[in-house]
Amino acid sequence: MKVKLSDSDALVVVDMQRDFMPGGALPVPEGDRIVPKINEYVKRFADLGLPVFFTRDWHPRDHISFKGHGGLWPPHCVADTEGAMFHEDLLIPSDNKFIISKGTSQDFDAYSGFQATVLEQLLRERGVRRVFVCGVATDYCVKNTTLGAINLGFQALLLLDAIKGVDVSEGDSERAIELMLSKGAVGIDIGDLNP
Ligand code: VGL
Ligand code: ZN
């Protein structure tokens, strides 16, 4: 599938934060391995002047998703801590980039970059119709962000060579990919982008 980027396209990089990388509080196995590929996508979009959105989990210390506060996860991505910082090698363009914080309220979790954020508004203001999604975790925030985009009427392109999952249960990531594709996402990789 060949894809030519146009001015109604945007890149959404999901949750490439230290706590989701090996050694972090809630590691995605090999989550760091996709950084170079994500950087290639970021460069392609930035070179064309297209917007790049970086979502980040940005939780309060006592967030509802944390063990001991009603949730399942170890504390992770607490706002303003090192674990919440982006991977140090992640390429962040100097302009036309946007940081979208999610899961910022104590009593509300957000696996989708669209939940209680300005992401949809920013995309619409820019006339974006197609969103290209990469990052972690395939089976949580990538899945929910991609399905969120589709539900809001955007076309979603899933960057298959630039996602990684946690697989709490074996096969979760594969099933998440199947679900996204069955809902209308189009799976591509970097070779599908026309120069
Ligand atoms: C995520 C679990 C908890 C994710 C965030 O970014 O996929 N997963 N919080
Ligand atoms: Zn979280």
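Asp 57 and His 76 are both buried, where buried means under 20% relative accessible area, exposed over 50% and partly exposed in between, with a 1.4 Å probe and protein chains only. The model is predicted, so local features need pLDDT of at least 70 and side-chain atom pairs count only at pLDDT 80 or more, while totals for chains, interfaces and linings use all residues. Residues are numbered from 1 along each chain as its sequence is written, chains are lettered from A and ligands numbered from 1 in the order in which they are written, and side-chain values use heavy atoms, with hydrogens and water left out.

Asp 57 (OD), His 59 (NE2) and His 76 (NE2) coordinate the zinc ion (ligand 2) at 2.0 to 2.2 Å; donors are N, O and S atoms within 2.8 Å of the metal (3.2 Å for Na, K and Ca), and water is not among the atoms, so sites may look incomplete. The spacing of these donor residues in sequence is D-x1-H-x16-H. Because Asp 57 lies in strand E2 (residues 52-57) and His 76 in the loop between E2 and strand E3 (97-102), the pair ties together parts that are 19 residues apart in sequence; strands (E, at least two residues) are DSSP runs, numbered from the N terminus.

| Residue | Relative accessibility | Class |
|---|---|---|
| His 87 | 16% | buried |
| Cys 77 | 0% | buried |
| Cys 141 | 5% | buried |

The structure holds zero disulfides, a disulfide being a pair of cysteine sulfur atoms within 2.5 Å. The closest cysteine sulfur to that of Cys 77 belongs to Cys 141 and is 9.0 Å away, which is too far for a bond.

Conventions:
Helices (H or I, at least four residues) and strands (E, at least two) are DSSP runs, numbered from the N terminus.
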